[in-house]
Amino acid sequence: GTVSASQSNNNVSLPDTVEFQGGTVYSPSTDGMPGYTTKSNFVVPKGKSGTFYGSSRGSHTGKLLGEGTFTAYGAGVRCYWAGDWSQFEGTLVPALTKRGSYDATSFDFTSNKGLPKATLRLNSGVTFTPSSSIEIGNVTGTGTLAGTYTYTIGGTNQNTNVTFSSSAPIVKVGEGTMTINTAGLLKGALTVKAGELHFDSDGNTALIGGALSAEGTATVVGAGKVASLTMKTGTQLSPRSLFFEETFGGLFPATVSSTAAMNFNKGSMLNIIVSGTGEGEYSTLEPQYLTMNGTVKVTMATGYTPKAGDMFSIWTAKGTYSGTPTFDLPGLPLGLAWDTSEVAQKTGVLSIVEVSIDADVNADGAVTVADLSTVIGAMTGSADADTKARADVNKDGKVDIADIIAVISLMTKSK
């Protein structure tokens with residue numbers, strides 16, 4: 001049903017608590033001073049809904065509680081939502097209407113408590129404007145997050161599909177995944193602090209208009225263009241086409257480009273997917289400027305067989321390059337090794353070369369158990385630099401199980 005409330009001494013005459021079971025409440029409305037204040041607390045139980053029409057000149061200061069769906073209509077040009085709604089765990093649907101002389105143009109959320117446990121459903125044409133930086137559990141819909149204050153989104157650990165628009169700074173938190181597939185929706189800076197960011201576009205317009213940065217344990221996976229990119233310690237970027245992966249299965253390498261700088265801090269990771277040596281068969285970066293102090297990791301897709309002479313131009317910086325990357329490279333067949341000598345430059349080229357294998361680690365003229373023991377000792381205990389260099393039988397820059405396997409293989413062949 002519907003309840004139309006009255007007012008007394010500029011306060012809306014409603015009980016201290018109003019529980020919604022599917023009904024609608026209209027507050028009284030006025031264009032005149034000083035307006036009406038609604039102090040009632042609203043409760044919308046799980047599985048229920050409620051609708052409230054605010055005054056065209058009024059302030060709504062009560063709490064909002066429950067887990068249902070609450071539709072709140074802002075009216076006129078001075079309709080303020082100032083209550084503590086921080087414990088509401090349902091879905092808030094802000095809406096706009098005309099009550100009195102003026103059309104509502106924005107849902108003005110003036111509370112400093114935020115909506116950290118709620119889902120904000122922004123229907124088309126709705127503008128949500130906070131009066132300070134705000135935390136929101138999740139955001140859906142095609143409306144607008146307005147203003148210049150920072151929106152922190154994702155605390156409910158749900159996935160967020162960006163179909164809404166905003167020019168404000170956004171911080172993504174929580175373990176869910178934020179997905180962006182349409183350019184031009186987010187014009188401000190985006191900081192990813194946890195979970196994953198997925199983006200996929202083959203267009204020339206930057207999917208994110210402002211600076212993109214990742215920190216904490218965040219993972220960024222995508223294809224397309226961004227304005228700028230900073231990967232901080234503990235984060236990783238994987239240039240992959242999720243669209244093709246979902247369509248065809250497997251791993252599909254892609255290109256991530258930027259109109260400005262890309263910066264990979266020490267402790268960050270760039271994960272290069274390799275399915276072949278042809279154009280589009282391995283991940284690449286195309287930044288304007290590149291600073292690479294992170295780790296370059298290579299992941300081989302199913303079906304790729306490495307061979308001597310394979311070359312991968314994993315990035316091309318149009319401007320300057322700086323930095324000293326480290327590497328996390330997969331093992332290669334015996335007799336092949338990675339060549340990283342031409343990676344740390346504007347056009348970074350990673351290659352596979354043929355190397356001679358010398359498993360006679362202790363240089364006694366034969367490959368025996370003694371050589372195997374030396375390799376195991378270099379891998380598990382302390383050894384001088386010369387011993388470690390000789391124990392790196394497959395010449396991949398480290399002493400590990402692959403070197404043990406190589407020695408065993410050559411011991412067997414020598415018998």
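Student: By class, how many nonpolar, polar and charged residues does the lining of the largest pocket have?

Tutor: This is a predicted model, in which local features need pLDDT of at least 70 and side-chain atom pairs count only at pLDDT 80 or more, while totals for chains, interfaces and linings use all residues. Residues are numbered from 1 along each chain as its sequence is written, and side-chain values use heavy atoms, with hydrogens and water left out. Ala, Val, Leu, Ile, Met, Phe, Trp, Tyr, Cys and Pro count as nonpolar, Asp, Glu, Lys and Arg as charged, and the others, Gly among them, as polar. By that scheme the lining of the largest pocket has 6 nonpolar, 7 polar and 4 charged residues.

Student: Which element supplies the largest share of the lining of the largest pocket?

Tutor: A pocket is an open set of points on a 1 Å grid over the protein atoms alone, where a 1.4 Å probe fits and protein lies on both sides within 12 Å along at least five of seven lines; lining residues have an atom within 4 Å of a point. Strands (E, at least two residues) and helices (H or I, at least four) are DSSP runs, numbered from the N terminus. Strand E27 (219-226), helix H1 (242-248) and strand E30 (255-258) each supply at least two lining residues. The largest share, 3 residues, comes from E27.

Student: What volume does the second largest pocket have?

Tutor: A volume is the space filled by probe spheres set on the grid points, which are joined across faces, edges and corners. By this definition the largest pocket holds about 380 Å³. The second largest pocket has a volume of about 200 Å³.

Student: Which residues lie closest to the centre of the second largest pocket?

Tutor: This pocket is lined by 13 residues. Strand E33 (284-286) and strand E36 (311-316) each supply at least two of its lining residues. Closest to its centre are Thr 255, Glu 279, Gly 280, Thr 284 and Glu 286.

Student: Is Asn 394 buried or exposed?

Tutor: Asn 394 sits in the loop between helix H3 (385-391) and helix H4 (401-414). Beyond four places in sequence, its contacts (heavy atoms within 4.5 Å) include Leu 336, Val 355 and Asp 403. Buried means under 20% relative accessible area, exposed over 50% and partly exposed in between (1.4 Å probe, protein chains only). At 4%, Asn 394 is therefore buried.

Student: What is the relative accessible area of Ala 211?

Tutor: Ala 211 belongs to strand E26 (residues 211-214). Beyond four places in sequence, Ala 211 is in contact with Ala 189, Leu 190 and Ser 228. Ala 211 is partly exposed, because its relative accessible area is 38%.
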